[in-house]
Amino acid sequence: MIRLNNKTKLIIAMVLTIIGVYFGFQYILPLFAPFVIAYFIAWILLPVVKFLTEKLKFPRVVSAILSLGVLGSLVVWALCYLGNIFIKQLIILLQNMPIYLSILSGKIDSLCNSFDNFFGTKLGTVRGMFDDHFETMIVVVRNDIMPSITTKSLNIVISIIGMIGIILITLVSALLLMKDEAAYKKSFRSSVLYQDIHLITGKLSETGVAYLRTQVILMAIISVICMAGLLIIKNKYAMLIGIGIGLFDAFPMLGSGAILIPWSIISLFNQDVFSAAILMTIYFIIMFVRQFVEPKLLGNRIGIKPVFTLMSMYVGFKLFGLFGFILGPLGLVIIITIVKETEIRLAYREETNY
């Protein structure tokens, strides 16, 4: 019988883990996503349920319903409040769109004239080429994209109804998990695979939750910082742009500087020194938050370099679409955790054999 050395075993474990993570995310996770979300909701609310049950002597079902109702009400209120601001700013943006388009047209005219002067062509040549390509794009949008959106409107309505059903299933599942949490825990612990599964899931819970929590907190902090700074310069779209920068900053090696630095330079060219100073101040504050707050939140529990996180986001996007930006880094955390645990076990077995 062929005996494999630890290095070969580790490589085999890594390959099998990568394959397992891919198939798990691609085929298994979509089937169980509502119940995974329900588990996290129950995990968040369990301390509240225990407090109501043990301290205030509420029935467990009532405690679960109350905690879930309060959480749902807070989420709905926050979404309505933020959505109201978002829609108002979006309406203002659409109302002012003709003004912005006029300004953009003037900038394009100036830029095209500069190209004409540089290449020695007749004035209007570059602008004519631009207009031709723009008209072609408009025709494509009108003839291809808009009819496609119209024909898919029924599918969109069906998807919304299906989403409501999924939300209801998730909430009911979370309620049942909170109600019978002790029974589920006892059943799980009596399983013969409990020790092995719990060892891996415990580490995954620590690293995965730490990563996701850190990114959500940082995005929220950065969005608030951006909105506050944009409100100082009286930007009408502070919320829209602030949330956008907060989301964009989550991408490693890109970050908010890709937006704020060019914006501040443009403000300087427009002789708006105050806005440029505020924008650069926002950028430096965000850098400080990233450099000093992120390690405090994350500690050494992840141990993933930014370039590997960026790679995992790209691979996740190519494999799973938009959700891959989250699934990619999470999958990387799972792979690293399992491989490290396998390496520790192999080393332990080798030592005990001696």
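1. A salt bridge here is a side-chain nitrogen of Lys or Arg within 4 Å of a carboxyl oxygen of Asp or Glu. The model is predicted. Searching the whole structure turns up one salt bridge. Lys 179 and Asp 180 form a salt bridge, with their closest N and O atoms 3.2 Å apart. That distance meets the criterion because the cut-off is 4 Å.

2. Aromatic pairs come next. There are seven in the structure. One involves Tyr 39 and Phe 40: the ring centres are 5.7 Å apart and the planes stand at 75 degrees, so this pair is edge-to-face. Tyr 39 is partly exposed, with a relative accessible area of 48%. Phe 40 is partly exposed too, with 36%.

3. One aromatic cluster is formed by Phe 320 together with Tyr 22, Phe 23, Phe 25 and Tyr 27.

4. Now the helix contact. Helix H8 spans residues 238–248 and helix H9 spans residues 257–269. Their axes come within 9 Å and cross at roughly 130 degrees. The two helices are therefore oblique to each other.

5. Which residues make the contact? H8 supplies Ile 241, Ile 245 and Phe 248. H9 supplies Ala 258, Ile 259, Leu 260 and Trp 263. By class, the residues of this contact are seven nonpolar, no polar and no charged.

Note on methods:
Residues numbered from 1 in each chain as written. Predicted model: local features only at pLDDT ≥ 70, side-chain atom pairs only at ≥ 80, totals over all residues. Heavy atoms only, no water. Phe/Tyr/Trp six-rings, centres within 6.5 Å; stacked < 30°, edge-to-face > 60°. Buried < 20%, exposed > 50% of the residue type's maximum accessible area, 1.4 Å probe, protein only. Axes fitted to C-alpha atoms, helices over the stretch in contact; angles between N-to-C directions. Helix = DSSP H or I, 4+ residues; strand = E, 2+ residues; numbered from the N terminus. Parallel < 35°, antiparallel > 145°, perpendicular 65-115°, else oblique. Contact = heavy atoms within 4.5 Å. Nonpolar A, V, L, I, M, F, W, Y, C, P; charged D, E, K, R; others polar.
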